[in-house]
Amino acid sequence: MVRFAIDIGGTFTDVVAQTAEGMSSVKVLTSPSSPEVAALDGVERLLTRISKTHADISHVVHGTTLATNALIERRGAKTGFITTAGFRDVLAMRYEKRFEQYALDIALPEPLVARPLRLGLAERVLADGTVALAPSDAEIDAVAGELRRQSVEAVAIGFLHSYKNPDHEHYVAARLQRLLGNDVTICLSSDVAGEIREYERFSTVCANAYVRPLMSRYVGKLQTQLQGKGFNGSFLMMLSDGALTTVDQATRFPIRLVEGGPAGGVALAAHIAREVGSDKTLSLDIGGTTAKICFIENGTPKTSRRFEVARAWRDVKGSGLPVKVPTVELVEIGAGGGSIAAIDGLGRLKVGPKSAGAEPGPAAYGQGGDEATITDAHLAVGNIDADGFAGGIIELEPHRAPKAIARHVQKPLGLDAVEPAAAGIIELADETMANAARVHGVELGLDISGFDLLVSGGGGGLHGARIADKLGIRRIIVPQNAGVGSAVGFLHSPVAFESALSVVQPLSELDAEALAKRIAAAQTYVKSIVADVVAEDQIETVIKAELRYQGQGLDLTLPLRTGEAAEFGGLSERFEDRYRALIGFTLDNIAVELVSVSVTARQMRDEANATYRPVDGSSAPSARRNIYDITARGSLSYNVVAREGLNGQTYHGPVVIPEAQTTTLVRPGWSVTKSDHGHLVMERDAS
Amino acid sequence: MSGELDIVARNVLWNRLISVCEEQANALMRAAFGAIVREAGDLSAGVFNADGDMLAQAVTGTPGHVNTMAASVRAMLQFIPPDQLSPGDALVTNDPWLGAGHVFDFVVVTPVFVDGKIVGYLASTSHIVDVGGRGWSAEAASVFEEGVTIPVMRLRRGAQLNEDLLDIVATNSRVPHEARGDILSLLTCNDTGVSRLGKLMTEYALDDLSSVSKFIFDSSAQGTKSALARAPNGRYESKLLLDGYDAPIELSAAMTVSDGQIDVDLSGSSEAVRRGINCPLNYSAAYAAFGIRALLTPDIPNNQASLDAIRVTAPPGLVVSAERPSPVTARHVIGQALPDLMLGCLEQALPGEVLAESSGALWTMSLSGTGKVPFTSLNVALGGMGARPGMDGLSTTAFPSGVGAVPVEVAEVAAPLIYHSKEFAPDTGGAGAYRGGLGQRIEIGARAHETLSLSAAAFERLTTGPAGRQGGHDGAAGRVTITDGTEITDKGIYDIPAGERLILQTPGGGGFGIPADRDRDVVARDLSDGLISTEAATSLYAFKPNGRTTT
């Protein structure tokens, strides 16, 4: 049995094969005009290497940023939008607020559907789901004529309150489909994101329709061509929430694929967390331009149903298109290896979010970059060795690093040596990442000091210990080399599908029987999707209720066992207990409102949770290196130890573990061992 | 401590203080009642040093809260001085002249003790849905009719919550439980901040915040001074005419720029009026400073030093400096016009660099049902923002306020109303090389057959539209009518009879630059999008469908 994972990113396509013997991988350049070409090529190459054929492949798991790229580059289908008459500008009005208070030059993204293609249709469903006005066939026919005249390829339908009563959307869709033929894709807002708040729901359905023709064609081609070569296993796609789904569902809801790549990275982190027996994990992936954080509890990443694609203004939150799909809850921070350090107009040291990227990159790359970056700072304090940087792919010119730092940071700050300036850059980056984690933790109501920190990416091992110090975290996990992390993560993801039901009713007025029926129907629906590829007895369902005090914005999520009517009786008390634990008091006499219920069917996880166990063996430190330390305010002598040399032995910091893709700093006060899966585990010494 | 590391530590601390406020504000935003408050982020959170000077503030929040709170802490400490405070104590007030300009806004201030000594304060402000009186309208003749005012007092003494005070507020409120919840949330979010600040001081072994204060203030003062110096020294005057409650109000400013210090004198403005659109000076100053800072110092964080560079004065008793007991509920009608007044001055200092006038005050839409099930629905109807040098104005987007609209679906779930339409209003954006943002047309009726009561307190700019700049035309004035033929002309209370509808058309933003200079492709696009009429395209933009300019 051979399982393949294919991750198509903007630049690289990663292909990973997993056999009984282990994993192997290949990295090829993405072929943007027809992405399946590079993917098929990668698969072919890897098959040759492991001496297998397409027929030997039992599963292909695929994740891609193609949908996201199509939205960013506006390469999607010509799309029409049918909405309740009088509301065609909802897409352009957005939230009707500025996302930056003090910036007078903000720009908003163009709606995916231009105004002449946004067509109003007289119909109206009221807030309680009752019909005030039914759509007329004559008007639908006229709309169809207009859509045909403008030769649209895709149609999104979004009516007011369709989350409550989708009948009009269904009716109009059926008639339009007959009139327009099957070549035109039709998507309904109640299907794609059946939740209250018209702008977000309409935005989601338009984005879905916009990318659907492209994604269907592409996925279809990839699957057909694989099959043409003899592949006859199952083909699954990676969703934004870290779950896998069938091609059928993926091409119906391609908007759910947007964060598939990053979700794969988080899925791998979750897998490693399970391997080392960490049940509360803060995943921190520090890459070249940004860092991403995600909270993982009991091996399951936190997800939300809010995401934003294609930011239009300086990558600022709020400037993109909202999509309401289940997504791993990643917070992106503008601090990565290429982030630029400089002194601003106020004389403050600032690090990021501006990045030197890969071109020209840090000053030490010697590609004409002159700015001081975080990578330059690591070189200047001695954290990383210029030899063998990034596995030897990049030849560094290390002398350029201190020069850039001296010019842009040390001198403007009036410091008398370059090392403290470099250490200051790193300290500020650590602070930025720690603050983001702390603020996000407060948002989720989590006590961050009880979490383990799982660091990945090129910079993870360098920053982990200091960030953990700042957050009061006592254990850090540095996974073994994971250069193709997302694709590997795909292989560790369960098949799952989630559906959300908007309720928005006080618990006291709830028709529990009716709701239980809706939940049961949703369960059947999501299960049927998963059952396409997973045996019935391997499917579990997870039901979650989102509650709040009526009128308040603080939604709390509580798991439901069965979703049956009886279970809603005790929900109010459970909510208040949770609220009290989080906020410190409860609000008497205010109705508790059930906002929504989400139902997920999921392939059960094979509980192969390894407990942490050290391995025997030993080896002596091989060398020493001087590293400038921010808290010691001077140089410390670090032991240089190879990861392989850690077998079974516990080392106490200061220790530095250099590797091809990353370097791990075990700061004073920390010790390190290697887990039996090869991951580094650092623990804070008792103090 | 070696001096060289101090600079890094101070930088780190400054960042951390801002982060403390962010956490505080996030906690508060989630806990707020009232859709409008939550959508808007109508709140603020800040950390202050032992002298009561603001060190840092959350970036969320509307200018009206953000900039008034800077002064609130010191003002409140004059009533209950620091030497009378003990650990656990927290102060509260909703006095419009100490807080954020009307009784709806509560400010809570919590001292931070280290070793028995006050090292700083956490403060937060948010809008409470209802505190009694006449509720949301401009009808009160004095502040005494606008709800219950809480003088500066302890919300908590040590560990003991002041339940008496909470009872008084709750008893006076139409939504007692929410009011209580919102006030407690202010207390809790400050407590979060207090504990964060304590940990930070332990981590850095700080006895006080004086060193970091000095760093923040010195850097900000220097940075603000050089940024403000972009405006040449001089005296610039500007005037603005508003509809007023039922008679026009003039706002007048004389701005003196001298070497990076800006003094604004509002003394030529109209006298305070007898209805609740008057503005206390603290709120006027907050918005005036916002207008200046958004144009000249957008990147400099809010703190005592960056705000000190701008001084706003007015003799007492004007509409911009109303005194107790003038009614002030809809004080934003005046306050939110001040940025345009300031930008009018700065246009003379920096011609061609200043955006055109925007719609100004948020149109607060307060509709109450008078039928069997009483209800009140609060939403906003937003007009266009002024065109910017090089960019069109944003359509249906508030400026200077940061408040957004409540989604139609949410508004209809919350109250038995039907929004019949909500669409851009063509030709409302002032013509220009860069077009003013469009206003919108909203049509609303009751769901049941009942009479609705409307407060028109904030429907401003019904007579004159926002002015264009550099040859740009004015945006369209707003218009509000009822389908029974009533035209709304003042800020009073109106009935919408059963079966009738309210039709609002919000103002459009002013245009920037000469319309004939507008890119032909963009004019063609506006035309095909239906954002301008054929009539406007030919007469205002000299546009011919073949793309050539008429002569």
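Student: Which residue of strand E5(B) stands opposite Leu43(B)?

Tutor: Ser126(B) in E5(B) stands opposite Leu43(B). This is a predicted model, in which local features need pLDDT of at least 70 and side-chain atom pairs count only at pLDDT 80 or more, while totals for chains, interfaces and linings use all residues. Residues are numbered from 1 along each chain as its sequence is written, and chains are lettered from A and ligands numbered from 1 in the order in which they are written.

Student: What makes E1(B) and E5(B) a pair of strands?

Tutor: Two strands pair if DSSP finds at least two bridges between them, strands being DSSP runs (E, at least two residues) and helices likewise (H or I, at least four), numbered from the N terminus. E1(B) and E5(B), residues 117–127, have seven bridges in the antiparallel sense, so they pair by that definition.

Student: What joins E1(B) to E2(B)?

Tutor: Three bridges join E1(B) to E2(B), residues 54–57, and the two strands run antiparallel. One bridge partner in E2(B) is Ala56(B), which belongs to Val47(B). The two strands form a hairpin with four residues between them, and Gly52(B) in the turn has a positive phi of about 85°.

Student: Why is strand E1(B) described as largely enclosed?

Tutor: A residue is buried if 20 or more other C-beta atoms lie within 10 Å of its own, exposed if 12 or fewer, and partly exposed in between, with C-beta atoms placed from the backbone. Seven of the seven residues of E1(B), residues 43–49, are buried, so the rest of the structure largely encloses this strand. Both faces are covered: Leu43(B), Ala45(B), Val47(B) and Asn49(B) lie on one side, and Ser44(B), Gly46(B) and Phe48(B) on the other.

Student: What makes Val66(B) buried?

Tutor: Val66(B), found in helix H3(B), residues 63–77, has 27 other C-beta atoms within 10 Å, and is therefore buried.

Student: Why is Ser151(A) called exposed, and why is Asp315(A) called partly exposed?

Tutor: Ser151(A) has 9 other C-beta atoms within 10 Å and is therefore exposed. Asp315(A) has 13 within 10 Å and is therefore partly exposed. Ser151(A) lies in the loop between helix H4(A) and strand E9(A), and Asp315(A) in the loop between strands E17(A) and E18(A).

Student: Which peptide bonds of chain B are cis?

Tutor: Among them is the bond from Arg324(B) to Pro325(B), with omega near 5°; Pro325(B) is in the loop between strand E11(B) and helix H9(B). Another is the bond from Phe399(B) to Pro400(B), with omega near 10°; Pro400(B) is in the loop between strand E13(B) and helix H11(B).
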